[in-house]
Amino acid sequence: MGATDPTLSLSLEEAWQALVHAAHPGGDGTPVAGLSLSPAGWQAERPVSPEARDLLDCLAPLATRTGRLAIAQLGQSLDGRIATESGHSHYINGPESLVHLHRLRALVDAVVVGAGTASEDDPQLTVRHVVGPHPVRVILDPRGRVTPDRRLLHDPEAPTLHLHGEGAPPEGPAGHHVERLALPRVADGFAPAAVLEALAARGLDRVLIEGGGVTVSRFLEAGALHRLHLLVAPLLIGSGRPGLSMTPIATLDEARRPVSRTFRCGDDTLFDLDLTPPVA
């Protein structure tokens, strides 16, 4: 294959290839000629298509971050619901938001879900909609209640780490792709910091907290997140399960006001919230 024509705009596919390489420099990805990414930003030596520019602006801060990264993602309606009262949540967000979620998975080392999400949604947690590596799938199961018929425990498409509470071993066998590890329990499950330490001890420094709302809320309230991606659909549900549910505050002075950016994601709006405390 010859050199890339400098007169051609850098494509969305090339931008994504560069992001995957930046996030996993030791992996199978390759750099893109004429495009450089760093924590300070990105630079291109040729024109960049609008779609590629938006993707680089959105995801370059994640792909190039050095050290540990803990990011959470929630898809919700305009009124902050992630499911109806019966638990129905399919198609709150559009197909572009699903692709964004799979991109986030491909840029991290591990994707984390709580026992409720693993049991009720029975997810695969792979990167089926994009080109990239599958993350290690992590189940937070403090009471050991996730049953072996769930796909994460018998589908070997990606390695799976099943974190269960001490004294609460899961019932039944799991596939050879599953490692089980006991963690100390606190009042409401696992301490988020303990989960991230356990993952980092296995070389899993870049972590996506995917769901559900209770799990994301616990990591957010514990101050364990660097970033939060909220994908908001133009939809009013009016009742149902809230996305974020945290300890009540008395006045708005106590509310968190993170630095935020917005991006279009099909019909949805992506809010990229930077939760990193400012440097004193």
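Me: In what order do the nine strands of the open sheet stand, and what is the pairing called?

Reply: The order is S8-S7-S6-S5-S9-S3-S10-S13-S12, and the pairing is mixed. A strand here is a DSSP run of E with at least two residues, a helix is a run of H or I with at least four, and both are numbered from the N terminus. Two strands pair if DSSP finds at least two bridges between them. The model is predicted, so local features need pLDDT of at least 70 and side-chain atom pairs count only at pLDDT 80 or more, whereas totals for chains, interfaces and linings use all residues. Residues are numbered from 1 along each chain as its sequence is written, and side-chain values use heavy atoms, with hydrogens and water left out.

Me: What makes S8 and S12 the edge strands?

Reply: Strand S8 (178–183) and S12 each pair on one side only.

Me: How do you know that S3 and S9 pair, and in which sense?

Reply: Pairing asks for at least two bridges, and S3 and strand S9 (residues 206–211) have four, in the parallel sense, so they count as paired. One of the residues involved is alanine 72, whose bridge partner in S9 is isoleucine 209.

Me: What makes S1 and S2 a hairpin?

Reply: Strand S1 (residues 35–38) and strand S2 (residues 41–44) run antiparallel and are joined by four bridges, and two residues stand between them. Serine 36 has glutamine 43 of S2 as its bridge partner.

Me: Why is leucine 12 called partly exposed?

Reply: Buried means under 20% relative accessible area and exposed means over 50%, with partly exposed in between, using a 1.4 Å probe and protein chains only. Leucine 12 has a relative accessible area of 27%, and is therefore partly exposed. Leucine 12 lies in helix H1 and, not counting residues up to four places away in sequence, touches Ser49, Glu51, Ala52, Leu55 and Arg103, where contact means heavy atoms within 4.5 Å.

Me: Which residues touch the most other members of the largest nonpolar core?

Reply: A nonpolar core is a set of buried Ala, Val, Leu, Ile, Met, Phe, Trp, Tyr and Cys residues joined through side-chain atoms within 4.5 Å. The largest one has 43 residues, of which Trp16, Leu19, Leu59 and Leu107 touch the most other members. Among the elements that give two or more residues to this core are helix H1 (12–23) and helix H2 (50–63), and H2 gives the most, with eight residues. Apart from this core lies another, of 30 residues, including Ala70 and Phe219.
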